[in-house]
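Work through the exercises below with the structure open. Each task is followed by its solution.

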Amino acid sequence: MKTVFGEGQFRWYATATSDTGGLKRLASQFNIDQEILTYAQDPHERAHVEYDADTGTFLLIFNVAHREKIENHYDASPMTFIVKDHELFTINDEHTSYVNDLIAGFVKAHPEVTPIELLFNALFLVSDAFFPLVQDVDAEWRHYTSSLRERTTKSKLLELSDLGIGLIYLVAAAKQNAVVIRQIKVQQPYHRLSDSAREQLDDAEIEANQLVEMTEMSSQIIGQLSDTYNNVLNNNLNDIMRFMTVWSLLLAIPTIVTGFFGMNVALPLENAPHAWLIVTGIAAVLWLAMGLMLRHSMRKCNHMLHP
């Protein structure tokens, strides 16, 4: 896709990573280095910035959030921006193609913009596109919190964990983007920028830093919630195990007593007419004594844990 702006002085070319022919044309027609195109096609390329003084090529790879969830969580992909001479080149995949619409809308509203100014405004728009996703995640963890307060289940904790995983990706992407914007200011072309372009870059940096703070805060909240409800599940399991231990001890009393009097040896009360009542009484007394001892022990333990 080719767009002319700046009163016909500048051009913007948008190419998809899957468009092999378009990428070859960038290399042959505009002398874009093959290494740069390799970066653009790598879905795992980290965000970074480079400047080649010999060719005057300014390369920036920036993380762009996916608007749709993948495996129940949000993710981000790298998008390539290249400024060379009077052209801006963008290379993106199917998950980040919506950025082209954002850039096109900005060019339509500000046709006088330069390629470098368009780049900086695109960075602002990309960072701004993260916020609705983070807000959506915030709304989801609030919903899960309400559900978990009613009933803490493993499935709900797994769903909360998926949210946390998605936020980890967003936090990492946001941090990389913020670092890249700071690195632009130490590149050679920065010193030749106009005051307007520097102001737009500052706006993009502020937006990126706000995004980092917002994603980190949400990630910390979800992590704390997961830890809290995992502790609740562990405590519930401990209560169940304690209950089962108590009952196993109590049920062992009648078994021990009846097993003693069931041995094939001479025993007291062997010929007593009401021996079974006496044995049952002994078992009942021991059972009650054990129950009282365990009750006292559990109360003492609870008092130590919750003074």
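**Exercise 1. Which residues form the nonpolar patch on the surface, and which helices supply at least two residues each?**

Solution. Start with the members. I240, F243, M244, W247, L251, W287 and L288 make up the patch. Together they have about 720 Å² of accessible area. Keep in mind that this is a predicted model. Next, assign the helices. α6 spans 195–261 and α7 spans 275–305, and each supplies at least two patch residues. α6 gives the most, with five residues.

**Exercise 2. Describe how helix α1 packs with helix α2.**

Solution. Take the residue ranges: α1 covers residues 20–29 and α2 covers residues 34–41. Their axes are 10 Å apart, at an angle of about 155 degrees. Angles over 145 degrees count as roughly antiparallel, so α1 is roughly antiparallel to α2. Last, the handedness: the crossing of α1 and α2 is right-handed.

**Exercise 3. Summarise the secondary structure and the burial of the protein.**

Solution. Count the elements: there are seven helices and six strands. Then read their order from the N terminus: β-β-α-α-β-β-β-β-α-α-α-α-α. For burial, 42% of the 307 residues count as buried.

Methods
Residues numbered from 1 in each chain as written. Predicted model: local features only at pLDDT ≥ 70, side-chain atom pairs only at ≥ 80, totals over all residues. Heavy atoms only, no water. Patch = residues over 30% accessible without salt bridge, like charges linked within 9 Å, V, L, I, M, F, W, Y side chains within 5 Å. Areas by Shrake-Rupley, 256 points an atom, 1.4 Å probe, with all protein chains shown as cover. Salt bridge = Lys/Arg side-chain N within 4 Å of Asp/Glu carboxyl O. Helix = DSSP H or I, 4+ residues; strand = E, 2+ residues; numbered from the N terminus. Axes fitted to C-alpha atoms, helices over the stretch in contact; angles between N-to-C directions. Parallel < 35°, antiparallel > 145°, perpendicular 65-115°, else oblique. Left-handed = near helix turned anticlockwise from the far one by under 90°. Buried < 20%, exposed > 50% of the residue type's maximum accessible area, 1.4 Å probe, protein only.
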